[in-house]
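Let's take a walk through a protein model together, starting with its strands and ending with its domains. Have the sequence and the 3D view ready as you read.

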Amino acid sequence: MAVVSTYNFQIDMQCPQCGAPVVLNETEYIIQCDFCRTCNILHTHPFPCYYMEPTLKKYSSLKIAYVPYWRFKGLEFTLGKKTPGFRVIDLSYLAVKKSLLPPTLGLRSQTQKLKFLHKGITGSFLPPAISRKEILQQIGGTGDKKVHIGEILSLIFMPFYQDRDLMYDGLTGSAVAMRSSDLDANKKSPAYNLKFTPSICPNCGWDLKGETDSLVLHCNNCTSFWLISNKKLNRIKAMFFDTKSDIHMPFWRLQIEFSKLKCSTHAHLIKIANIPTIIQKSDKQKILYFYIPAFKINPKLFLRIGKQTTLARIEPSRIENIPQGRFHPVDLPLKEGFQAVGPLLMNLCVSKKDIWNILADENPKLLSYCLVYAGFHATGSEYIQKTLGFSIQKNSLKFGRQL
Ligand SMILES: [Zn+2]
Ligand SMILES: [Zn+2]
């Protein structure tokens, strides 16, 4: 496995119920308050906006200017005529066109906690001049098509002290090569509305269960599953496979309609993936579902697990009661699971060049989706899925939750 260092910010905030201080990890959606014992879901639509407070006492009499940086973290797949390439990225970019400012957040920001942006912060603000879209294009570069999934994209305002004509980094105190007068920061801190909803089943009112970094929560009382999206809880269909397990790993099961590619049944898949078997009548009738891991993991493994599960033609079923065992967090949104179909097809297909030529102007549509939990058994250092015949290292899942 490629060793990539990624870093998670921590966020200082207050419990929306009682106001007690809470520290949230960048990957978390649920605020668990130890003080009043409530759980609230945090909605940061369309993306989280943070700032860092300046810390240097010796400059405390100076004016403060806040400069925006985009932060991007996620998996990148490169689609081209060869096998899909991939990497884990953890980058930051200056969001204004001021070449004398530090081009990235660098390491200096990792020592301090972030806060959510709000009205009334002392200091002047420089609005971002480079859009989220432009940044994503910049990350992708030119050439082969890139697919980014599972990304955390956030805007972080960094403080700079402004003396009469000099500027200092608000965290390290080092002088910046830019003149104070050239930084025309003159805006007040923008309003940024955080929304909270109680983590309670909209159907029956019981407390919802799930890890704090999961986008899907479930209700043990009425056996329902809820996806956090668009500032609310949306009921989704969930099915299970091998329920008597230690851990249930989530997959997006997607039925896709392609405009050009013939790829709607298992018979088509057998052909595309060049599987040495005789195509049966039943293969021609069996709907092809793509199984995309609904959890983040190193991109090479992500494709391997997606391929093995899609080829396995499993038959999940509905459940009456929530089964025993842990639920691994769903931390890959449905939309991004859908985007991963391209890279997965590239990986499944034997003739990369042919599939690439077709996919290049393909317009896939999502016909149906549901969440499928596949049960795995815990052994020493891995989780094993006996029916599918593969295992996942516990360490790779731990790494994935940091992404
Ligand atoms: Zn509280
Ligand atoms: Zn319920």
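Two strands count as paired if DSSP finds at least two bridges between them. Strands themselves are DSSP runs of E with at least two residues, while helices are runs of H or I with at least four, and both are numbered from the N terminus. With that in hand, look at strand β18 (residues 247–257): 4 bridges join it to β19, and the two run antiparallel. One such bridge links Arg253 to Tyr291 in β19.

Before going further, a word on what you are viewing. This is a predicted model, in which local features need pLDDT of at least 70, side-chain atom pairs count only at pLDDT 80 or more, and totals for chains, interfaces and linings use all residues. Residues are numbered from 1 along each chain as its sequence is written, with chains lettered from A and ligands numbered from 1 in the order in which they are written. The pLDDT is the predictor's confidence in each residue, from 0 to 100. Here the protein averages 90, and 97% of the residues score at least 70. Among the elements, β14 has the highest mean pLDDT (98) and helix α7 (residues 352–359) the lowest (79).

Now find β14 in an open sheet of 3 strands, ordered β14-β15-β16, with antiparallel pairing. At the edges sit β14 (216–219) and β16 (232–236), each of which pairs on one side only. Strand β15 (residues 224–229) is joined to β16 by 5 bridges, and Leu227 stands opposite Asn234 in β16.

Back to β19 (residues 290–293): which way do its residues point? Phe290 and Ile292 point one way, Tyr291 and Pro293 the other, and all are buried, meaning that 20 or more other C-beta atoms, placed from the backbone, lie within 10 Å of a residue's own.

Ile292 leads us to the largest nonpolar core. Such a core is a set of buried Ala, Val, Leu, Ile, Met, Phe, Trp, Tyr and Cys residues joined through C-beta atoms within 7 Å. This one has 65 residues, of which Ile292 and Leu371 touch the most other members. Domain 1 (45–193) and domain 2 (239–402) both give residues to this core, so it lies between them. Apart from it lies another core, of 31 residues, including Leu94 and Phe157.

The domain bounds come from an automatic or database domain assignment. The C-alpha centres of domain 1 and domain 2 lie 36 Å apart.

Note on methods
Buried ≥ 20, exposed ≤ 12 C-beta atoms within 10 Å, placed from the backbone.
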